[in-house]
Amino acid sequence: MNNAIREQFPILKQEINGHPLVYLDSAATSQKPLAVIEALRHYYEYDNANVHRGVHTLGSRATDAYEGAREKVAKFIHAKSTKEIIFTRGTTTALNMVASSYARSVLKEGDEIVLTPMEHHSNLIPWQQVAKATGAVLKYVKLQEDGSVTLSEVEKVVSDKTKIISMAYVSNVMGVINPVKEVAALAHRHGAIMVVDGAQSTPHMKVDMQDLDCDFYALSGHKMCGPTGIGVLYGKKELLESMEPVEFGGEMIDDVGLYDSTWKELPWKFEGGTPIIAGAVGLGAAIDFLESIGMDAIEAHEHELATYAVSRLSEIEGLKLYGPRERKVGLVTFNLGDVHPHDVATVLDASGIAIRAGHHCCQPLMRWLEASSTARASFYLYNTKEDVDRLISALIQTKEYFG
Amino acid sequence: MQLDDLYRRVIMDHYKNQRNRGKFEDGTVTVDLNNPTCGDKISLQLKVDNGIVQDAKYTGEGCSISMSSASMMTEAVKGKTVEEAQDLASRFSSLMQGEDVHFDDYEDIEALSGVNKFPARIKCATLAWNALRKGIDEDQHNHK
């Protein structure tokens with residue numbers, strides 16, 4: 001990765017508290033390249049109209065832009081067709097749709113849903129709610145000492161009672177990559193479906209729905225250089241077809257009577273109301289941008305940064321690093337001795353370095369780690385080794401400040 | 001941004017040597033509060049007798065700001081009437097809003113005035129005080 005990439009991100013060119021900004025919170029949300037900002041601007045300046053209804057020129061342009069973005073997403077994640085791409089507000093909405101539409105209609109008392117303790121709250125609470133409503137039971141995969149998931153541990157909790165397995169592809173706390181492809185095959189052998197939380201994987205590596213063979217996959221645009229407020233639910237066509245819509249209203253109907261109505265075909269039956277048109281256009285631009293650099297190159301760059309960060313962090317005495325030492329995804333979670341992560345984050349912010357402190361929407365995982373909260377630095381294509389060096393020296397200063 | 005505005009010596013002293021940390025058997029009210037956005041936790045116990053806060057203790061997990069604030073609050077509130085304790089809590093709210101308020105009864109608290117310049121940290125400082133308000137409300141309710 002080179003300076004030409006950083007140049008594409010205007011936000012990075014500023015000073016924070018008198019220091020050049022080092023943004024290490026991309027796992028929370030990524031920054032946006034000019035191409036995305038310009039796409040949003042262009043859409044609003046020239047093409048804005050409502051979709052799927054206007055006879056006028058702007059209506060067609062907006063529809064083309066919106067549906068064009070759907071095609072980009074379908075190609076990017078290797079879906080079979082655009083019918084399998086539902087635009088949502090983000091990963092949370094996408095996972096909730098699977099839980100409230102698919103799961104509520106198929107689960108019966110005593111059926112089992114398999115999860116891991118590392119799940120983000122958005123891949124946990126929807127299932128808790130479904131379990132309460134249907135009498136289904138939640139089962140948890142035991143994590144390894146280093147926080148990773150192995151197929152053999154998943155096998156121990158999966159049975160013919162299992163109807164759904166839902167798991168993050170990449171953990172937002174420990175940066176581990178879970179064996180979702182193998183777990184999907186296991187799920188299918190037991191007649192269960194596989195749901196993948198792709199919020200932390202899609203921005204950082206190639207994802208291929210045909211290769212993974214999962215049944216549902218959720219992603220967020222804002223973590224992959226796109227705007228906030230847009231995400232995707234991918235679902236296999238036959239499953240989506242069998243599901244009831246979650247929201248009812250305009251845009252999603254075929255024929256409406258006084259007492260009964262019918263729905264549009266896929267994907268629109270799940271997109272009630274005026275959709276997130278500009279957001280989808282922005283996500284399409286983000287995909288073009290990422291592909292112009294190449295997902296393999298992004299993955300390799302992050303691997304290099306993560307490896308460098310782990311080795312430099314290990315030099316700091318008293319620093320506790322969570323998760324396996326070997327990692328591919330650009331994310332490190334740690335605690336600096338007894339210094340509370342909030343204090344770490346505040347002191348780093350005074351040096352212009354943005355990191356995340358807290359429980360990262362993973363309270364059960366925090367309990368498993370026996371930490372009330374942690375600090376997390378996460379990297380993306382625009383970060384450099386110099387950013388890691390700035391982080392390390394600021395951490396050393398923090399330690400001295402609180403020493 | 002001056003870090004020393006936030007982390008004054010008084011604050012670090014209260015953080016490293018937290019006063020009134022612990023529990024007692026004969027508390028009259030216990031309040032458990034979380035800060036769900038960051039995971040900070042406090043469990044505050046008050047011993048209120050005849051409208052006077054006789055004693056206060058707390059346990060919890062949190063950053064230097066939330067724990068030092070709890071340490072100061074429990075020191076300040078001891079021996080105060082319920083009304084005085086409520087007044088203390090409302091003065092603390094004003095302090096967090098950047099107002100020029102004084103704590104002649106317990107000056108250490110004024111060291112937290114710098115938190116006002118760090119908007120993300122105000123909720124850390126106010127956790128213990130929210131617990132105090134809630135504890136006093138509960139006590140009042142119990143005596144109705």
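Over the whole structure, a search across all chains finds 26 salt bridges. The model is a predicted one. Chain A and chain B bury about 1,500 Å² between them, and one salt bridge is found across their interface.

**Interface of chain A and chain B**

- The contact involves 17 residues of chain A and 21 residues of chain B.
- Of the area buried between the two chains, 54% is on carbon and sulfur atoms.
- On the chain A side, A:His342, A:Thr346 and A:Tyr401 lose the most area to chain B, together 35% of what that side buries.
- A:Asp343 and B:Arg121 join their side chains in a salt bridge, at 2.9 Å from N to O.

- A second salt bridge to look at links the side chains of A:Glu153 and A:Lys156, with 3.0 Å from N to O.
- Both A:Glu153 and A:Lys156 belong to helix H6 (residues 151-157) of chain A, where they are three residues apart, about one turn of the helix.

**Helices H3 and H10 of chain A**

- Helix H3 (residues 57-76) of chain A packs on helix H10 (residues 277-293) of chain A at an angle of about 45 degrees, and their axes are 8 Å apart.
- From H3(A), the residues in contact include A:Ala62, A:Ala65, A:Tyr66 and A:Phe76; from H10(A), they include A:Ile277, A:Val281, A:Ile287 and A:Glu291.
- Sorted by class, this contact of H3(A) with H10(A) has twelve nonpolar, one polar and three charged residues.

**Helices H4 and H5 of chain A**

- The axes of helix H4 (residues 91-106) and helix H5 (residues 125-134), both of chain A, come within 9 Å and cross at roughly 20 degrees.
- H4(A) and H5(A) are therefore roughly parallel to each other, as angles under 35 degrees count as such.
- The crossing of H4(A) with H5(A) is right-handed.
- A:Asn96, A:Val98, A:Ala99, A:Ala103 and A:Arg104 of H4(A) meet residues of H5(A), among them A:Trp127, A:Gln129 and A:Val130.
- The residues of this contact between H4(A) and H5(A) divide into seven nonpolar, three polar and one charged.

**Helices H11 and H14 of chain A**

- Helix H11 (residues 295-313) of chain A and helix H14 (residues 385-402) of chain A have axes 10 Å apart and pack at an angle of about 20 degrees.
- That angle makes H11(A) roughly parallel to H14(A).
- H11(A) and H14(A) have a right-handed crossing.
- The contact is made by residues including A:Glu304, A:Tyr308 and A:Arg312 of H11(A) and A:Lys385, A:Asp389 and A:Ile392 of H14(A).
- By class, the contact of H11(A) with H14(A) has seven nonpolar, no polar and four charged residues.

**Backbone features in loops of chain A**

- A cis peptide bond runs from A:Leu266 to A:Pro267, with omega near 0 degrees.
- A:Pro267 lies in the loop between strand E12 (261-263) and H10 of chain A.
- A:Glu251 is not a glycine, yet its phi is positive, at about 70 degrees.
- The loop that holds A:Glu251 is between helix H9 (237-242) and strand E11 (253-256) of chain A.

Note on methods. Residues numbered from 1 in each chain as written. Chains lettered and ligands numbered in written order. Predicted model: local features only at pLDDT ≥ 70, side-chain atom pairs only at ≥ 80, totals over all residues. Heavy atoms only, no water. Axes fitted to C-alpha atoms, helices over the stretch in contact; angles between N-to-C directions. Helix = DSSP H or I, 4+ residues; strand = E, 2+ residues; numbered from the N terminus. Contact = heavy atoms within 4.5 Å. Nonpolar A, V, L, I, M, F, W, Y, C, P; charged D, E, K, R; others polar. Buried area = accessible area lost by both parts, 1.4 Å probe. Salt bridge = Lys/Arg side-chain N within 4 Å of Asp/Glu carboxyl O. Parallel < 35°, antiparallel > 145°, perpendicular 65-115°, else oblique. Left-handed = near helix turned anticlockwise from the far one by under 90°.
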